[in-house]
Structure formats: C-alpha cells, structure tokens
Amino acid sequence: MIHTVSAVTKNCLKDFLLMRETLQQHHDPEFYVAVDDYCYDYLHQNFKNVKCFKLIKTEGADHVSPDEQQRKDFIDIIKAKFIVAKEVLSKNNFIFWCDVDHIFFNPLDKKTLQFLDEKKIDAALTPHHSDGFADEKTVGYYNCGFALISSLNFLNTWSDLFDRHEELGVYFEQKPLELTTQFYNVMTLSINYNLGWWKFLGPNGQHRWNSVRLGPDKLTIFELPLINFHFHFFKDNKHSFDQEAFRNAVRDVFQKRGSAGDELISYFIERLGNEDI
C-alpha cells in the first residue's frame, strides 16, 4: 500500500481526482489530504481511500505571485501538508508526498518501493532536470512535488528548514529539500519519473519530447516506462508552456495505448471535464 499525502483546494479538486484515479490504476493507495472546507465536504466519507484533514483556509495560494498574501497562503498550505505527512509517516513505513497535478501512466518501480518499505533508503527524489529553464541553484535541484520518504528524521529536518526558509534566505520548501539530502541516504530517480512541463522548455526539450514513444500497451521516454506527467490538466495554466498540447497528449495515451483501465480513465477525464465542481 502507498500512503499518499497531498493538499487539495477547490480550484484543484478535479486534478486531485484525476491523480487519484490514475495512481489507483497501478497501485493500492491510501490518500491523506490537507483540505479546505469545500473539499472536505466533497471528499470526506465519500471516497473509501481518502482521509481528510481540514487545515486549509484559502484557495488562492501561489508562491510565484507578486501578491504577498498569496505567498503567505502558499506557505500555510505547505505547513498543513507537513502536519499530515508527519502523522502518516509516524504510523507507516513510508509515504508518497505527491502534488495533486500528477497523471500516472505506469507503476512506480517495485524495487524502489521495497527499499523504502525496508528503510534501506531515507527518501527517493526526482531532479528538476530543467535543462537551463530554471535556476536550480536558487529553486533547488529536486522537485518537491514528488517525494517518497521513509525516514521521519528526514521529514522533520526538511520541515524545520522550510519553517526557517525566510531566515535562511532560501526558496520555499524546494531548496530546503535539497539541503536536507546532504544528511541522509537518498535515491535519485531517473528522468522517466515526474515529467514536469518545465523539463520540455530547455534546449533539449524537443529532443526529450521526441523520445516519448506510445505503442500498444506501453508508454516510454528514452526507452524507459514513462511514469507520470506533472501539470494541471484542469486548473488553468499560469506558466509558459502549451497546456493544451499536454492535455491532448494525455488524451491520446488513454485513448490509443490499450492498457487495462485506459478506456475507463479516458471516460473519467471527459466526465470530470463536464462536472461543475
């Protein structure tokens, strides 16, 4: 079982539901989510594998916004996520710290999950691989939207550094995550994990995109199973990438690949798109 921790607000509820549905296609997850009032009413006791923690008071948070209140709200959401994560990890062998805006196409590697379950590693993380698009010396080497963590000490160190990120002059929770890795045993996952939109905007972006292969019952990048895309399918994009191209690529996978459950996911996407939630 994968104990998955996230934070869900009204404006990203549809993305969470899609993330949940696609992860369930490959694993047996339990979801522990910090939520606002709206999502608590929608999710609580309505989904058998979702446990809600009503800790969020806003839905307008954005750490890249020039608005100071939105940045403060973002910090509060991350703090709520840490509260949930610490409680869940204290009772289980490992957690999957996962943003809501992931779409899964293939299962996580069994050996990696075994290492975490047996606590042979403290965490498994994914580099940004931003290819020069972002200044990783500032924003951090690892992406904090996808982190598998087995060590409560690791989580506490990351949380403590995040609480002091303004005092330390480092970037929100991402640079603290990189700093935390200096003290623990961390596995770095390959580029086929956590395919964020930013990985396709640098000089090698087109080459990376061209390396994606869709075939009968498979989806790969650089001949490795493409585990997941990381972008908001439903929530409107505020970043400089072609969100509609990503949406069309996702639709193509679930309509053409032919793997078990793909047809159901394709239907689920269209149904969610028509729902007023």
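**View 1. Surroundings of asparagine 228.** Leaving aside its neighbours within four places in sequence, asparagine 228 is in contact (heavy atoms within 4.5 Å) with His102, Ile103, Phe104, Phe105, Phe146, Asn192, Tyr193, Asn194 and Leu195. The model is predicted, so that local features need pLDDT of at least 70 and side-chain atom pairs count only at pLDDT 80 or more, whereas totals for chains, interfaces and linings use all residues. Residues are numbered from 1 along each chain as its sequence is written, and side-chain values use heavy atoms, with hydrogens and water left out. Asparagine 228 belongs to strand β13 (residues 228-230), strands being DSSP runs of E with at least two residues and helices runs of H or I with at least four, numbered from the N terminus. Asparagine 228 has a relative accessible area of 0% and is therefore buried, a term that means under 20% with a 1.4 Å probe and protein chains only. A polar atom of the asparagine 228 side chain lies 2.9 Å from the backbone nitrogen of asparagine 194.

**View 2. The open sheet β10-β11-β12.** Three strands in this order form an open sheet with antiparallel pairing, where pairing requires at least two DSSP bridges between two strands. The edge strands, each pairing on one side only, are β10 (212-215) and β12 (224-225). Four bridges join β10 to β11 (residues 218-221), and leucine 214 stands opposite leucine 219 in β11.

**View 3. The contact of helices α1 and α11.** The axes of α1 (residues 13-24) and α11 (residues 262-274) come within 11 Å and cross at roughly 170°, the axes being lines fitted to C-alpha atoms over the stretch in contact and the angles running from 0 to 180 degrees between N-to-C directions. The two helices, α1 and α11, are therefore roughly antiparallel to each other, the term for angles over 145 degrees. On the α1 side the contact is made by Lys14, Leu17, Leu18, Glu21 and Thr22, and on the α11 side by Leu264, Ile265, Phe268, Ile269, Leu272 and Gly273.

Notes:
Parallel < 35°, antiparallel > 145°, perpendicular 65-115°, else oblique. Buried < 20%, exposed > 50% of the residue type's maximum accessible area, 1.4 Å probe, protein only. Polar contact = N/O pair within 3.5 Å; in protein donor to acceptor, adjacent residues only side chain to side chain.
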